[in-house]
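This report describes selected features of the structure shown below.

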Amino acid sequence: MAFEIEYTNIGGISGPLIFVQGVRGVGLGEIVEIRDGSTLRVGQTLEVDEDKAVVQVFEGTSGLALEGMRVAFVGSALEVPVDRAMLGRVFDGLGRPIDGFPQVISELRMNVNGLPVNPWSREYPRDFIQTGISAIDGMNTLIRGQKLPIFSGSGMPHNLIAAQIARQAMILTEEEEFTVIFAAMGVKFDVARFFIDSLEESGVLTHSAIFLSLADAPSIERLITPRVALTLAEHLAFEEGMHVLVILTDMTNYCESLRELSSSRGEIPSRKGYPGYLYSDLASIYERAGRLKGYNGSITQMPMLSMPSDDISHPVPDLTGYITEGQIVLERELFNKGIYPPIAGLPSLSRLMKDGIGEGRTRGDHAQVAAQLFASYAKVKRIRSLAAIVGEEELSQLDKVYLSFGENFEEHFLAQGEHENRTIEQTLEIGWKMLSLLPQEELYRICREDIQRYYMSEENLECRI
Amino acid sequence: MEGLIRGKVVSVNGPIVKAVGMKGVRMFDIAEVGPDRLIGEVIRLLGKIALIQVYEDNTGLKPGDEVLSEGRPLSVLLGPGLISSIYDGIQRPLVGIAEKCGSYIDKGIKLSALDTEKRWELKPLAESGAQVREGTVVGEIQESQLITHKIIVPHGISGVLTSIVEAGGYTIEDVIYTVDTAAGPYEGKMAGYWPVRSPRPVKVKKNPHIPLVTGQRIIDTFFPIARGGTAAIPGGFGTGKTMTQHALAKWCNADIIVYIGCGERGNEMTDVLTEFPNLIDERNGRPLIERTVMIANTSNMPVPAREVSIYTGVTIAEYYRDMGHSVAVMADSTSRWAEALRELSSRLGDMPAEEGFPPYLATRLAEFYERAGLVETLSGPDGDITIIGAVSPPGGDFSEPVTQHTSRFVRCFWALDKILADARHYPSISWIDSYTEYLHDIEDWWKDLDSQWLTVRNAAINILLEDNRLQQLVKLVGADALPVTQQFTLYVAEMIKNAFLQQNSFDAIDKYCSPEKQLKLLKTILTLYEKGMILVQAGLDIKDITERPLVSEMVRLKSEIPNKETERIDAYSEGLLKELESLKELLLGV
């Protein structure tokens, strides 16, 4: 960059976009520096023509005028420094330090967009992560390298759960390095503060990197924040061999920024005004989780998103669910009952669970216990809706047994303390206690041997209703 | 091949590039764009401007960059070595890419789709001097233990075979035979190109009449598909589309599987890649990978290549069909393909139809599914392609355009049900919303096995339909308020769901269920229904039946009796009959 041409001929400003005219030799996705007086903003080209370019400005365009703005195209796509030394630090949404300490010095700079992983080079994730939360470990097991979002609604404790997972999942690993990268998009300051405090409390803040694009930051900046965080995660996982847990919150805010950008570009919207490429755009973030052949490290992603009015068919949770490997869904009804964590029994799912559990990983009976709990709890839900109409009195004896199973399952299996860390054995033991409330014929998803071994065990016999 | 066309980029908008100076270029020709020579395809010609969609990440591309085209349409290379391979959407070998540039896919990488150095043991099947035409088989290769690969004279070539090599090892670049055609001499090799968007010619299309046996009970018995048929699997996220596709790819009795991962998760393809080499096909004792070709264009790979990936896959399927093989194409998911169409059409500024999808969505879907079918090939024998497409409707709402249009062009509809999936009842194919139009086409095949097949199937479906109707009442008044006979119907319906329809694809025995076993299981349940109903009508308490240990054992038959020991189901049935007989005596005694 011996010398840069600065352009001053600005054709227009619209939302986060500026239209620069008379430009020559500018490439797609090139980084742009916009100077207005003494302030410097960074942007990127979205569309280039023979003599004009459309630039999105990450810091937003507020205060910019058509005159007096100088625009320089500095080549190459957006790159950020990546280094181990970034752990223990706090950055803004574009990866610049905001904790008062100097810029991280690193020779390595990486393109924030990354490159698509060759499916052939992926290693199928199989290693169980014990989160200490029964509803997750027992029924929706988290696997190292998985992308498992939490679908929440306003007011529900998704942050508490994420913090609990971050704390408890890290304790288990002794020989391997574990780190948390936290990226906040458009969340309130107190949410960010809560995470920082929570990580500090458990002593893992020094192994964590935090990227904050808070609610008052320009919305366009949020489009870069998760990419900056994942670029660092990729470096730590696949160059430094660490196990990285990336928490992205709140993806709904991210999608709203994308919608804002799309609408100011005048694109044809699809559902609820979101752009037609929302799926591909989200995939370019979520698919950066995983494991690679020949590398020790892993990236586990836990994106959080709030479902507007608890609607799971809203485009953001919907498209997320199509990309991620399952979802943890929080349920308003359980939350109102005072059950923590209010993880919905039925719509929650972990797709990688089947290969990460069982003999030698968790326990031989795990898969069947989980399947039976799901099936039985589904029946509870059916009976409850029946009871709501005909009244509990009218139910058959068996149905009443199911209702009691349902209550116990929610109070003893799903519910647990915010600082309670259960081993997988404890979780399965509780699971068997719950199943023991049901008559033996009802356990049709479980093989005879396991029934003999666990259902017939003395302590479980006492549980029969 | 009219020589190289050189043009210049004038604007870049995402993957859509406008170029000028492309005189002579035709629609759907390949263009190489920019200094990295990214692969693209000409999709629109407007005056002097050619619109090119680029199949790779084109960040950094500038106006003024060069565009080259050889005037050749986007094609796939067809020849020995496709089996067991994994390609991206434009047929670049992913293994080769990994060897060359590591875990990530670099831009502009070009590799031959087939191994050009490998020597294949060729057995010539024609003699020089013979009259050959398109479709004549001139040789064959054993491509894998399972697949015999025929070398066929390509479309448009006919004349006298002037030479053919001796048996021996040859590469795909060696000239194998020469033909003296009207247009001059033609040099035939083992591999050749075919444009992906054009269906390969056949002699005649026929009506499908043999079922594709999948080993999945709800499909084979309730909603069967014929070889050469089309099916859609629509379902919201988490309902098990991919799991169902995997189960079909593993156990259906096609000769070859083309698995297209179109805009889906990377780890799902990895799952197939790690599982298939280790899974042994019971029918022939060989690993499943030896009959599988994979196309992986995952969701984070470039969108335009996703659009073309299903054509790449189906063209490969047609190539094997033309040798007389039975091929099943799994497209997961056609919604991602439709979204790729939408994304590209929106960048082109097309006027959108429903939900932003282009108006030509339905036409494109129809064209794709129409490439399925049972045909008489140019080379003589029959071959077939079955297409099974997953559909991912937003919010699980089947009224959206892709599901709606797809249902017009497929004849099998396996609707996945969220409620079943939530209860972990897999496969979560709904017995209420699904349908098949192949029932009568394949009836004769099943009747050879058992003349009562259709009766048994319909009886079971009717119990489930009755159950569905009664459940509405149960929701209002509770099951106990119903007459006992209806309560018994509910009980048997539950038994059909748990002992027959629910199938565990990870269980060593249950994962594949032979047609014989399917039929016997269902007949056993219907025996319980018929005989039990008589007893219940005569006044026997339902509990006297349902609480019999033998009756509650029924749910375990599917996972405890292997396909080869179905006589044990007969034995169970006899025992059941005796037990019900004894109940009758009990009833009379009272």
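This is a predicted model: local features need pLDDT of at least 70, side-chain atom pairs count only at pLDDT 80 or more; totals for chains, interfaces and linings use all residues.

In general, the strands of a sheet pair through backbone hydrogen bonds, in either a parallel or an antiparallel manner.

**The side of chain B that touches chain A**

The contact between the chains involves 61 residues of chain B and 57 residues of chain A. On the side of chain B, the elements that give two or more residues are β1 (5-13), α1 (94-101), α4 (266-275), α6 (334-347) and α11 (453-477). Of these, α4(B) gives the most, with seven residues.

By residue class, the side of chain B that touches chain A divides into 26 nonpolar, 23 polar and twelve charged residues.

**A four-stranded sheet in chain B**

Chain B also holds an open sheet of four strands, in the order β12-β11-β9-β14, with antiparallel pairing. Strands β12 (148-152) and β14 (168-170) of chain B each have a single partner strand and stand at the edges, so one side of each is left without a neighbour in the sheet. From one strand to the next, the twist averages 40°.

How many bridges join β11 of chain B to β12(B)? Strand β11, residues 137-142, is joined to β12(B) by five bridges, and the two run antiparallel. Here Gln142(B) stands opposite Thr148(B), which belongs to β12(B).

Methods
Residues are numbered from 1 along each chain as its sequence is written. Chains are lettered from A and ligands numbered from 1 in the order in which they are written. Two residues are in contact if their C-beta atoms, placed from the backbone, lie within 7 Å. Ala, Val, Leu, Ile, Met, Phe, Trp, Tyr, Cys and Pro count as nonpolar, Asp, Glu, Lys and Arg as charged, and the others, Gly among them, as polar. Two strands pair if DSSP finds at least two bridges between them. Axes are lines fitted to C-alpha atoms, for helices over the stretch in contact, and angles run from 0 to 180 degrees between N-to-C directions.
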